[in-house]
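Reader: I have a structure to read. Please walk me through it.

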Amino acid sequence: MAITSIKNLKEFSTNNDRFEGAHTLCPGCAHSMIVRELMNCTDDNLVISANTGCLEVSTAVYPFTSWDTSWIHIGFENAATSVTAAQVMHSVRKKKGTLKDNDAPVKFVAFGGDGSTFDIGFQWLSGAMERGHDFTYICLDNENYANTGGQRSSATPIGATTSTAQAGTHSYGKKEKKKDIVAIMAAHGAPYVAQLAPNKWKSMAKGFQKALETEGPCFINTVSPCCTEWKFDPKDTIGITDLATDSLMFPIYEIIDGHELNILYRPKNLLKVEDYLGAQGRYKHLFKPENKHVIEKIQSDIDKNWEMLQRREEARI
Amino acid sequence: MQDLKLKANENRGLHQLESGKDLYGWDEVTQGSVLPSFEGDASKIAHLKAEERDYSNYNSYTATVASWRVKKPVFNIDVCIDCQNCWVWCPDSSILSRDKQMLGIDYDHCKGCEVCVEVCPTNPKSLLMFGENEDLETALSQWPEKKKKEK
């Protein structure tokens, strides 16, 4: 596989972008940072499939496409299914020798938002992981249905206000916890599962390369701050991601073969979760005195989760 | 300053990005469509720079979103250290970078989100936001001095 150099940013920047501008994602959206990084970390031909979501509606505004590779879109839940079908067809035709260029390396990637990964496409994704096709599924996790006006999804964390779980006099926003999708996918026995963030570009590029190299189904959950629904200034996208990884709201780690857990980033200055929550408009109501217990709960959940990750890293089970 | 026109494909930013120019009824819509991004063979596209590619009119590279912008980033080549932070985090593929050097900004695709200015590590910053109608020379003449470290 032709992997491009990610020794430092200067080397990395010699790659030729295959994701074009003039898509209609919001200014400052992290989706396109993640997609560009994936497409720059390899020279191989890519077959990409995308679930319905912000990424799909914004990059294929008829009659334009922003993708310089093969790109498929069918249904809300079918990215995993369609890309695995393409992968099976490719391997059969390769065996028969009916491809135009039989030796050209091709990688199969599916993109989904958190709505289509955690809720709507979950069954299809789970099926594809179980069947063990050679593909990489990347979830762009912005914690709500941003494309349709910011409804709650099962990726929305506790305490956040969304258009269908609003904070007000009787409620502090969403009351349920976020689904731990990385653990669920690791439990499928996938050879490579990771949670990555765009602000740590190097660990992200390394993770993508590892996932593309690994044979079998790989799953990557990436944090994608949404300036429209998280309610912060577009210029702060990377700053918010820094706060998320440094407060351990989004720990960066990988799980190999379902048991070998490696923590990829340990913050030098561990931040309190208040710093992360306070930077966003969707958590503004939590700073009222009557909602203080929610912040305490979020902090204690984070501490427990971090303790669990560290113990799992040590134990290797 | 280097000539930026050389680093851009002649097809860049020809069209305004607008959809639904010809509206169809629900029963007239086709069930699916295939949009070729390039004219001819596209199998070696990863090894071609933008100026060497043969873009088709369906590629959004040939469209422009310049009208989204209220403020624009201006690049000062004298302060830049070519760290490429702006290149890796630009959401709109609008930083023109060739041979490990930052050359300038693609104003057809930039939406003015200011991410590049935020991640710029130099002192003073080598990218700053100016009004959309400001011309480049006046903007460069207003560049701030190096800030001293606060003790």
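Author: Start with terms. Helices (H or I, at least four residues) and strands (E, at least two) are DSSP runs, numbered from the N terminus. The expected span of a helix is 1.5 Å times one less than its number of residues. This is a predicted model: local features need pLDDT of at least 70, side-chain atom pairs count only at pLDDT 80 or more, and totals for chains, interfaces and linings use all residues. Residues are numbered from 1 along each chain as its sequence is written, while chains are lettered from A and ligands numbered from 1 in the order written.

Reader: What does helix α4 of chain A reach from its first C-alpha to its last?

Author: α4 (residues 79–96) has 18 residues and reaches 26 Å, close to the expected 26 Å. Just after α4(A), A:G97 takes a positive phi of about 75°.

Reader: Which residues in α4(A) are buried?

Author: Buried means 20 or more other C-beta atoms within 10 Å of the residue's own; exposed means 12 or fewer, partly exposed in between, with C-beta atoms placed from the backbone. In α4(A), the buried residues include A:A79, A:V83 and A:Q87. Their cover includes strands β1 (45–50) and β3 (106–113) and helix α6 (122–131) of chain A.

Reader: How many residues of chain A are in contact with chain B?

Author: Contact means C-beta atoms, placed from the backbone, within 7 Å. 40 residues of chain A are in contact with 41 of chain B. α1 (9–12), α2 (30–40) and α9 (237–246) of chain A each supply at least two residues of that side of chain A.

Reader: How many helices and strands has chain B?

Author: Chain B has 3 helices and 6 strands. Their pattern along the sequence is β-β-β-α-β-β-α-β-α.

Terms used: Contact = placed C-beta atoms within 7 Å.
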